[in-house]
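Have the structure open as you read.

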Amino acid sequence: MRASTAVPQRVLALILSLIVAVATTGCAVKLVADYDNAAFEEILAVGKKVDKFYGTLLETKADERPYAKFSDDYVSIETDIRSMLLRNQARALNSESTQISEIILKLMTKYKDRHKTRNTYTDGNARLDRNRFTRLFASAASAEEAKKLDTDDKDAEKDSK
Amino acid sequence: MAFDIGEVLKQMISAAGDVLAKEGPIIKGCVKAAFEQEKDALEEIAQARLEGEIDDDDLKSQIADEEDALKAALLACKVKGKVAAQKAANAAIKVFTGALETAFKAL
């Protein structure tokens with residue numbers, strides 16, 4: 001009698017241990033990429049560089065802002081933004097941060113082309129564009145910061161997709 | 001063996017609900033801040049046009065760019081929403097695995 005009840009309990013224990021194993025290693029939900037400190041620092045660094053660019057531009061007299069004077073800065077900034085975008089694209093579950101980087105690149109390219117076409121950059125546009133980039137980089141940083149999880153949440157999401 | 005699936009489910013829902021109750025105001029605050037910042041930005045653009053700092057073409061272009069800026073701000077809020085959903089789901093799973101482990105130990 002005792003043996004007949006012991007066997008089902010062992011089977012049940014085996015099934016339960018399998019469920020526990022699956023539940024603890026393979027079933028945690030993961031909807032966003034892990035926080036990437038290098039990506040966060042890169043956002044701050046590129047954001048600072050863009051802000052410095054506009055600071056320098058606004059310090060320059062309005063009639064002394066030909067495109068050629070700033071073309072090297074544009075190349076450098078565009079390269080940095082593309083690097084930021086590539087880093088985001090390379091990470092799984094990271095579509096929002098990728099889209100934010102794409103918006104930043106799109107607008108920087110647009111303003112560069114406008115500067116090139118007009119061969120000047122007005123105070124009004126520079127001031128508004130500078131403020132917009134500040135908000136865009138803040139959005140990028142906020143999106144990355146949100147991925148920073150507590151230890152408990154990290155444990156719960158291990159080995160999952 | 002003590003494994004009441006109905007009770008476990010109730011606890012799972014409660015755990016997920018606790019997380020969402022905590023995270024919900026953060027997401028709401030994020031969306032509110034995004035629209036408030038957008039309002040300020042549009043006021044700034046309107047002011048720049050009124051003061052002649054930008055022309056009509058620039059005005060149209062600036063407003064179009066603000067659509068992108070608002071989209072970026074809301075994308076950051078979307079990440080926070082996804083993180084909240086992730087935390088809630090994992091809190092529920094944690095309750096479930098905890099209940100299973102307890103039942104397993106009782107065997």
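## What we're looking at

A quick word on terms: helices here are DSSP runs of H or I with at least four residues, strands are E runs of at least two, and both are numbered from the N terminus. Keep in mind, too, that this is a predicted model.

By that count, chain A has six helices and zero strands, so its elements simply read α-α-α-α-α-α from the N terminus on. Of the 161 residues in chain A, 28% count as buried. Among the chain A contacts with a separation of 6 or more, 83% are between residues 24 or more positions apart.

The average pLDDT for chain A is 87, and 76% of the residues score at least 70. Over residues 1-6 of chain A the pLDDT stays under 50, and the model gives them zero contacts beyond four places in sequence. Residues 156-161 of chain A are also below 50, but that stretch has 16 contacts in the model beyond near neighbours in sequence.

## A look at helix α2 of chain A

Helix α2 of chain A covers residues 37-59, which is 23 residues. From first C-alpha to last it reaches 33 Å, close to the 33 Å expected at 1.5 Å a residue.

Which residues of α2(A) are buried? They are Ala39(A), Glu42(A), Ile43(A), Val46(A), Gly47(A) and Val50(A). As a rule, an α-helix has 3.6 residues a turn, so residues three or four places apart point the same way. The cover over the buried residues of α2(A) includes α3 (67-89) and α5 (123-146) of chain A.

## Where chain A meets chain B

At the interface, 38 residues of chain A are in contact with 36 residues of chain B. On the chain A side, α1 (2-25), α4 (95-118), α5 and α6 (151-156) each supply at least two residues. The biggest giver is α5(A), with twelve residues. By type, that side of chain A divides into 19 nonpolar, ten polar and nine charged residues.

## The largest nonpolar core

The largest nonpolar core has 49 residues, and those touching the most other members are Ile100(A), Ile104(A), Leu136(A), Ala16(B), Ala72(B), Ala76(B) and Ala92(B). Elements giving two or more residues to this core are α2, α3, α4 and α5 of chain A, plus α1 (5-50) and α2 (56-106) of chain B. The largest share, 16 residues, comes from α2(B).

For a close-up, pick Ala92(B): leaving aside neighbours within four places in sequence, Ala92(B) is in contact with Met12(B), Ala15(B) and Ala16(B).

How values were computed. Residues are numbered from 1 along each chain as its sequence is written. Chains are lettered from A and ligands numbered from 1 in the order in which they are written. This is a predicted model: local features need pLDDT of at least 70, side-chain atom pairs count only at pLDDT 80 or more; totals for chains, interfaces and linings use all residues. The expected span of a helix is 1.5 Å times one less than its number of residues. A residue is buried if 20 or more other C-beta atoms lie within 10 Å of its own, exposed if 12 or fewer, and partly exposed in between; C-beta atoms are placed from the backbone. Two residues are in contact if their C-beta atoms, placed from the backbone, lie within 7 Å. Ala, Val, Leu, Ile, Met, Phe, Trp, Tyr, Cys and Pro count as nonpolar, Asp, Glu, Lys and Arg as charged, and the others, Gly among them, as polar. pLDDT is the predictor's confidence in each residue, from 0 to 100. A nonpolar core is a set of buried Ala, Val, Leu, Ile, Met, Phe, Trp, Tyr and Cys residues joined through C-beta atoms within 7 Å.
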